[in-house]
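This report covers the pockets, nonpolar cores and helix packing of one model.

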Amino acid sequence: MVARLTEVQHCLEHLIAHQATPTLLTLYQRLQPILHSVQASYTLLSEAAAWLKQIADLLESDGKPPRSGHQVRQELFAFLQEIQVTHTPDPFLRRTANAILKTTLRYAPGLFHCYDIPDLPRTNNDRESEFRDLHRRLLRTTGQKSLSRRIIQRVGAWELIPRLASLPATIHAVSQVTPHEFHLERSRLLSHRNRFKFHIRSAKQSQLQLLHLEQRWLALPPDTS
C-alpha cells in the first residue's frame with residue numbers, strides 16, 4: 001500500500017509541475033503526512049520482506065547449478081543464523097526473524113527432498129490451485145464474502161444463471177439472440193464496466209493507469225499563471 005501510494009505521490013508531483021489545480025494540491029498535501037507517519041514501520045517491513053525474498057531465492061532451483069538437499073539446507077540455515085545475529089537490532093525485526101526460523105524448522109522435514117529426487121515438485125501449489133478455483137466458483141454462486149455482489153455490480157447477474165451443460169447447447173441458445181440485441185447488450189455491458197475502470201487491485205495495472213493519467217494531463221496546455 002505504501003509503495004502504491006508513493007507512486008500516486010510521484011504522479012501528483014508530475015501533474016502539479018505541469019499544471020497545479022486546487023484539487024491536486026489538496027490531495028498531495030493530504031497524502032504527505034500519511035506517508036510520513038508510516039515511513040518508519042514501512043522501512044522495517046521492507047527489511048523483513050527482503051529476508052523472505054532472499055529465502056525464496058535460496059530455495060529456488062531453476063537457473064542454478066544442481067544442489068543436494070543438504071547443501072540447500074545449509075545455505076538456508078546459514079542465512080537464518082546471519083539475520084538472527086547481525087540484522088535484528090529492532091524488537092520487531094527480532095520477533096520476525098524468530099517467527100521465520102520457527103516456521104522454517106516446522107517445514108524443514110519435508111522441505112529439501114525435491115533437490116535429491118529428480119522431477120519432484122517443490123510444492124503442491126498446482127493441486128492447491130484446483131481447490132482455490134473450486135472455492136472461487138462456490139463464492140460466485142453462493143455470495144459468500146460479498147464476491148457475488150462485486151461480480152454482479154461489475155458484470156451483471158450472469159454468474160447466477162445456471163450454465164448450459166455442453167457447447168452445442170450453448171451455441172443453440174446464443175443463436176436465438178438477434179445480432180441487434182447482442183450488440184445492444186454488449187454496448188450496455190461495456191458502458192457499465194467503464195464505471196469500474198478505476199477499481200484496480202493489480203499493482204502492475206495501477207502503475208499503467210497512473211502513467212496513462214499522467215500522459216493525458218501532460219497533453220493539456222501548461223499552466224501559464
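How much space lies in the second largest pocket?

## Second largest pocket

The second largest pocket holds about 510 Å³ of space. A pocket here is an open set of points on a 1 Å grid over the protein atoms alone, where a 1.4 Å probe fits and protein lies on both sides within 12 Å along at least five of seven lines. Its volume is the space filled by probe spheres set on the points, which are joined across faces, edges and corners.

The pocket is lined by 18 residues, and Leu59, Tyr107, Leu111, Arg122 and Thr123 are the closest to its centre. Lining residues have an atom within 4 Å of a point. At least two of the lining residues come from helix 2, and at least two from helix 4.

## Basis of the model

The model is predicted: local features need pLDDT of at least 70 and side-chain atom pairs count only at pLDDT 80 or more, while totals for chains, interfaces and linings use all residues. Residues are numbered from 1 along each chain as its sequence is written, and side-chain values use heavy atoms, with hydrogens and water left out.

## Nonpolar cores

The largest nonpolar core has 18 residues, of which Trp51, Ile55, Leu59, Leu76, Phe79, Leu80 and Phe112 touch the most other members. Such a core is a set of buried Ala, Val, Leu, Ile, Met, Phe, Trp, Tyr and Cys residues joined through side-chain atoms within 4.5 Å. Buried means under 20% relative accessible area, exposed over 50%, and partly exposed in between (1.4 Å probe, protein chains only). Helix 2 (22-59), helix 3 (69-86) and helix 4 (91-107) each supply at least two core residues; the largest share, six residues, comes from helix 3. Helices are DSSP runs (H or I, at least four residues) numbered from the N terminus.

A second, separate core has ten residues, including Leu12, Leu15, Ile16 and Tyr28.

## Helix 3

Helix 3 has 18 residues and reaches 26 Å from first C-alpha to last, close to the 26 Å expected at 1.5 Å a residue; the expected span is 1.5 Å times one less than the number of residues. Its buried residues are Gly69, Val72, Leu76, Phe77, Phe79, Leu80 and Ile83. They lie on the same side of helix 3 because they cover an arc of only 150° around the axis, taken from the directions from the helix axis to the C-beta atoms.

Helix 2 and helix 4 are among the elements covering these buried residues. Exposed His70 and Val85 sit on the face turned away from the buried side of helix 3.

How values were computed
Contact = heavy atoms within 4.5 Å.
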